[in-house]
Each structure stands twice: as C-alpha cells, then as structure tokens.
Amino acid sequence: MRRPAAVLLTLALAAGTAACGSAETAEPAAQSSKTNSSAAPTPTTGTMLLASMTEAMQQKKTAKATIKAGVAGQEMTGTGAFRFGSDFAATLTMALPNQGEIAVVLLPGTFYLKLPKEAGLPEGKSWVRVAKGDSGPIADSLGPVLDQFGSGLDPEESLRYLGSATAFKVAGTETLDGVETTKYVTTVDVARLVAESEGTQKQTYQQLLDAGQKTLTATTWVGRDQLPRKYATTIETPQGPVTAEGTYSDWGAPVDIQEPPAAEVVSAEEMQGGA
C-alpha cells in the first residue's frame, strides 16, 4: 500500500466525520430497546445515520476533536478543530513517530503544512503553503497528500461510505464523558467504495483494495442529538493492523482557524529547486 502514513491519517479523520451522500443500504437492524420520546428515531441503515449526523453537524457548525491512529506498532496522536459549511476550515496538530510534530491548517483553496526543523525549510520558515492550482515538483508531491487530508477533514467528502453499507448494526448504548450514545457498527465493500467514490477518496479506497482489503468495518458512537462522539476502526494491511480512534467534543463552541504568520510561510512554488 502506497503512503501508509497518509492513508492512515485520512482514514483516521474520515472515520469520524459526517458527509452528504446516498446509496442502497443493507437490511435494517433491530431498533435499540432503549428509547426516549424527545430523541430522534434510532437510525436503522447507514443512509439514515449519514443523514441524521449530517443535519446535526451542519446545525452546530463547529467541533473539536482528538484522534489516535497507529500502523505497524507506531502510534500517532493529534488534536484539531473544525468549521463546517461552505467556508469549511480545519486545523490539526499531530505527533508522528520518528518525525516530530506537524500541523495543518486548511482554508478554502489553500493548505498550510507546518514541518519540524529537520524538514529543511528555508531559514525562518516553518510552514509550506500549497494553493489550489500550484504546480511544480513540490506542489505535485504534497498536493495528493494534502488533498487526502482535506477530504478526510471535510464532512462533504468523508463517511460517504455509510451510504454504501453492506451491513449495519445497532450495537447497544454506552455513556461517554457523561453523554449517552448509541453504538453503530457498519461494514462496507471496498470495491463498491472504489466504484462509487471520486478524487482522493477513490484513490484511498483503491490503495486499500490493492493491498487486499475487501471490506471496511467502522464503529461510531452517536449521541441522542445525532452528533458523533467517538469512532474506531481497525484495518489489516501487509504492514500490520491500521487502527484509528477519535472523539468529538465542544459541538457549536467557537473555533479560531487562521492563516499562519506570513513571515513563517514559504509557498510551494517559491521552494522549487530548494528543500
């Protein structure tokens, strides 16, 4: 599988955010025995869960998150904040094994990547800017990876797979940080995801398929307000199991997502022939 770290990060993010999409779904699972007259009906298909989470997230518009992901015994951890909608933006800081800390700021049409000093950026620079339409060796190299980040963070792209579920199960309830949640387990056919996806998501799923991964199973914990609170998934790969787990909090709280200081930024085009 190419770029295992990039694929892992994409899946870690994609597994926990909602998206718009529709497709045929598997047979409905039984309704949870625990009900509440003020709560929305318990979703019984991937499409229903997809629609209810999308609506709830769009109403709240912002969230904060923590993620933990691992591959071949190496673990990555991170924290982030997100703003949903037509002006979608996100910020993410991650600690990578043997690579130090990186940070990402995603704004409409522009992506900023903060690298450790060992990356060899020009003196005084710590951020690389890749804008839509940039060209050249560095932009061409970073572009696909950053697109994967963007697709994973963007609720319009991630979790489209819920609408392509081949199996969907309501797996009981659990209280997380004082919030009562319903646990959903979803299985999808990876070949079907490849056929139904586009862009970087399609590439990511194709990489999984090429690595021999035929199905993808994810677990999502959703509150009575239909907001996701936790997600988890494990994928077996030639490099070992890829795991991803994360939590969401502070739905609707203000988030501050801004461009990095201009003096610390070098554009991908300015770096041509450099680091």
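Two strands are said to pair if DSSP finds at least two bridges between them. Helices (H or I, at least four residues) and strands (E, at least two) are themselves DSSP runs, numbered from the N terminus. By these criteria, strand β1 (residues 62-71) runs antiparallel to β2, and 10 bridges join them.

The model is a predicted one: local features need pLDDT of at least 70, side-chain atom pairs count only at pLDDT 80 or more, and totals for chains, interfaces and linings use all residues. Residues are numbered from 1 along each chain as its sequence is written, and side-chain values use heavy atoms, with hydrogens and water left out.

The protein contains five helices and 12 strands. Of its 275 residues, 50% count as buried, where buried means under 20% relative accessible area, exposed over 50%, and partly exposed in between (1.4 Å probe, protein chains only). The accessible surface comes to about 12,700 Å², and carbon and sulfur atoms hold 49% of that area; the areas come from the Shrake-Rupley method with a 1.4 Å probe, and for residues only the protein chains shown count as cover. Contact means heavy atoms within 4.5 Å. Among contacts between residues at least 6 apart in sequence, 60% join residues at least 24 apart.

The 12 strands form an open sheet with mixed pairing, in the order β7-β8-β9-β10-β11-β1-β2-β3-β4-β5-β6-β12. Its edge strands are β7 and β12 (265-267), each of which pairs on one side only. Neighbouring strands of this sheet are turned by 15 degrees against each other on average, direction ignored. For such angles, axes are lines fitted to C-alpha atoms, for helices over the stretch in contact, and the values run from 0 to 180 degrees between N-to-C directions.

Strand β11 (residues 240-249) is antiparallel to β1 and is joined to it by eight bridges; here T66 has T247 in β11 as its bridge partner. Towards β2, K68 stands opposite T77. β1 and β2 form a hairpin with two residues between them, and A72 in the turn has a positive phi of about 50 degrees. β2 in turn pairs with strand β3 (residues 89-96) in the antiparallel sense over seven bridges, with A81 standing opposite T91 in β3. The hairpin of β2 and β3 has five residues between the strands, and G85 in this hairpin takes a positive phi near 120 degrees.

G80 gives a local view of this region. This glycine lies in strand β2 (residues 74-83). G80 counts as buried because its relative accessible area is 14%. Leaving aside neighbours within four places in sequence, G80 is in contact with K64, A65, T91 and L92. The C-alpha atoms of G80 and I67, 13 residues apart along the chain, are separated by 8.3 Å.

Helix α2 (residues 46-60) has 15 residues and should span 21 Å at 1.5 Å a residue; its end C-alpha atoms are 21 Å apart, so the two values agree. The expected span is 1.5 Å times one less than the number of residues. α2 packs on the sheet, touching β1, β7, β8, β9 and β10, and its direction makes about 50 degrees with that of β9. In α2, the buried residues are G46, L49, L50, S52, M53, T54, A56 and M57. They pack against β7 (165-176), β8 (179-189), β9 (215-223) and β10 (228-237). K61 follows α2 and has a positive phi, near 75 degrees.

D177 lies in the loop between β7 and β8 and has a phi near 50 degrees, a positive value in a residue other than glycine. D177 counts as exposed because its relative accessibility is 81%. Q226, in the loop between β9 and β10, also has a positive phi, near 70 degrees, and is not a glycine. With a relative accessible area of 8%, Q226 is buried.

Q213 is found in the loop between α5 (199-210) and β9. Its relative accessible area is 13%, so Q213 is buried. A polar atom of the Q213 side chain lies 2.6 Å from the backbone oxygen of T215. Leaving aside neighbours within four places in sequence, Q213 is in contact with V190, L208, I235 and E236.

How values were computed: Polar contact = N/O pair within 3.5 Å; in protein donor to acceptor, adjacent residues only side chain to side chain.
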